[in-house]
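Reader: I would like to go through this model feature by feature. Please give the idea behind each feature before the case.

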Amino acid sequence: MTNLAPKLTHEQYENNFAELKPAFTKNQATVEANRCLYCFDSPCMKVCPTHIDISTFIKKIATENVKGSAKTILESNWIALTCAKACPVDVLCEGACVYNERGEKPIEIGRLQRYAIDWYFEHGMPKLFTPAPKNGKSVGIIGGGPAGLSCAAECALLGFDVTIYEAKENAGGLDLWGIAPYKVTREDALNEVKLVESFGVKIKTNTQIGKDISITELEKKHDAIFIGVGLSKNVDLKIPGEELKGVVHALEFIEKVTTRKWSSVDLGKHVAVIGAGNTAIDAATEAKRLGANEVAIIYRRSENEMPAYDFEFELAKKDGVVFLFQTAPTKIIGNNGFVESMECLKMKLSEPDESGRRKPEPIPNSEFTIPVDMVIKSVGYEVNDHFISQIQNLKLTKGNISVNSETMQTSNPKYFAGGDCTSGGREVVNAAAEGKRAARGIEKMIFNR
Ligand code: SF4
């Protein structure tokens with residue numbers, strides 16, 4: 001497929017993909033930090049999965065101790081910049097801020113966190129942490145995404161010798177290639193990788209487990225292994241026409257957009273995005289911002305069951321994305337091998353199913369066809385199990401790796417896991433918290449402390 005959508009100028013692309021929430025100036029950050037009430041037992045800290053001491057880091061910004069603020073943040077979260085920019089703060093820390101109860105604007109915790117961590121990277125990562133003396137044990141980390149990086153940083157500071165095995169050419173995972181560039185930039189994600197490397201963590205990129213290094217070799221080399229491979233296998237629609245040119249997976253599309261080579265991203269004029277999770281919304285919004293004439297989200301349930309966050313939904317609507325609820329695709333129709341249209345069916349909702357959401361059922365004879373030249377699939381992701389099946393006694397539940405939620409240890413005691421491959425898909429901040437928890441679990445397993 002080639003780019004069928006109208007080309008924009010470079011300035012238009014850059015403008016469309018400019019950060020949604022620009023950085024605070026020093027003055028703005030100080031004013032906002034001074035609004036904080038420094039609540040005792042602060043609710044904002046309790047809801048954060050990494051439990052950052054929010055009132056303390058904000059107080060340090062107010063007293064112009066930005067380096068100290070960064071230290072407070074990083075002590076709890078090694079993926080703090082991505083989290084500051086990509087966390088659903090409305091439903092986490094800012095949603096819990098006491099100002100909401102007063103009917104006033106909550107403290108902009110995300111932007112303040114970003115202010116402190118931007119300062120830290122802009123000042124060349126001044127030394128804030130010293131790894132413990134080497135403890136003679138080694139940890140292998142499969143996957144250099146947020147969970148893996150977080151586990152690696154924590155293990156290195158505990159004195160372990162740590163190696164990350166990353167299949168792609170750069171570590172960073174979804175933070176690097178799966179988040180819309182108007183939220184997080186590649187530079188942000190790569191800075192976080194550099195921070196983890198600064199603790200002595202080795203990163204072997206372009207290294208696939210089971211192909212470039214075997215499970216046996218890995219087990220021989222390391223005393224414990226952490227799996228943080230995310231969900232990289234795309235779920236297909238299983239309808240006729242999926243093989244046509246112009247049908248892509250959302251993460252493939254988003255990955256191309258994150259490179260910021262705008263005109264090299266294949267894009268249709270009339271785009272249908274199947275699914276209504278946050279990734280689907282990202283893909284739809286990005287397609288619109290790249291210049292597609294029409295973008296429609298096709299979702300088989302109603303707005304009430306939609307998994308995407310409200311603010312993502314509002315952003316997509318503001319960008320002109322159209323939502324076709326209670327609609328399911330049944331066939332993608334092509335011409336000369338390229339997508340030309342899509343047949344859909346209207347759905348009605350019956351009783352809730354096992355997921356608790358009302359079950360969609362087709363309405364007979366409700367078929368209709370919409371003209372589309374690109375279809376972006378975003379109906380789910382699974383653990384890519386090419387090596388998982390080679391690990392002995394590794395238990396999976398509904399396709400996700402089962403773990404003890406306190407230690408993140410799997411059913412095979414040598415293995416720990418965290419992030420989307422265990423949760424089925426949550427936030428970066430959950431992955432950051434689980435990676436850190438796993439490091440403590442590894443320490444407990446090896447040294448019983
Ligand atoms: Fe500050 Fe709001 Fe947290 Fe209270 S709840 S410490 S006001 S950010």
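**Reading the interface and other features**

Author: Domain 1 and domain 3 bury about 320 Å² between them, with 84% of that on carbon and sulfur atoms. In domain 1, Leu-20, Pro-88 and Asp-90 lose the most area to domain 3, together 82% of what that side buries. This is a predicted model, in which local features need pLDDT of at least 70 and side-chain atom pairs count only at pLDDT 80 or more, while totals for chains, interfaces and linings use all residues. Residues are numbered from 1 along each chain as its sequence is written, and side-chain values use heavy atoms, with hydrogens and water left out.

Reader: How is buried area to be read?

Author: The size of an interface is often given as the accessible area lost when the parts come together. Here that is the accessible area (1.4 Å probe) that two parts lose on being put together, summed over both. Domain bounds come from an automatic or database domain assignment, which gives domain 1 (19-122), domain 2 (138-232 + 383-447) and domain 3 (234-380).

Reader: How many residues of domain 1 and domain 3 are in contact?

Author: Contact means heavy atoms within 4.5 Å. By that rule, 4 residues of domain 1 touch 4 residues of domain 3. The C-alpha centres of these two domains lie 34 Å apart.

Reader: How many salt bridges are found across the interface of domain 1 and domain 3?

Author: A salt bridge is a side-chain nitrogen of Lys or Arg within 4 Å of a carboxyl oxygen of Asp or Glu. The rule finds 0 across the interface of domain 1 and domain 3, whereas the structure holds 22. One of them joins the side chains of Lys-85 and Glu-19 (2.6 Å, N to O). Lys-85 lies in helix H6 (residues 80-86) and Glu-19 in the loop between helix H1 (10-16) and helix H2 (26-35), so the pair ties together parts that are 66 residues apart in sequence. Helices (H or I, at least four residues) and strands (E, at least two) are DSSP runs, numbered from the N terminus.

Reader: Which residues surround the ligand?

Author: A residue is near a molecule if one of its heavy atoms lies within 4 Å of it. The residues around the ligand include Cys-36, Cys-39, Cys-44 and Cys-97.

Reader: Where is Asp-41?

Author: Asp-41 sits in the loop between H2 and helix H3 (43-47). Its phi is positive, about 55°, although Asp-41 is not a glycine.
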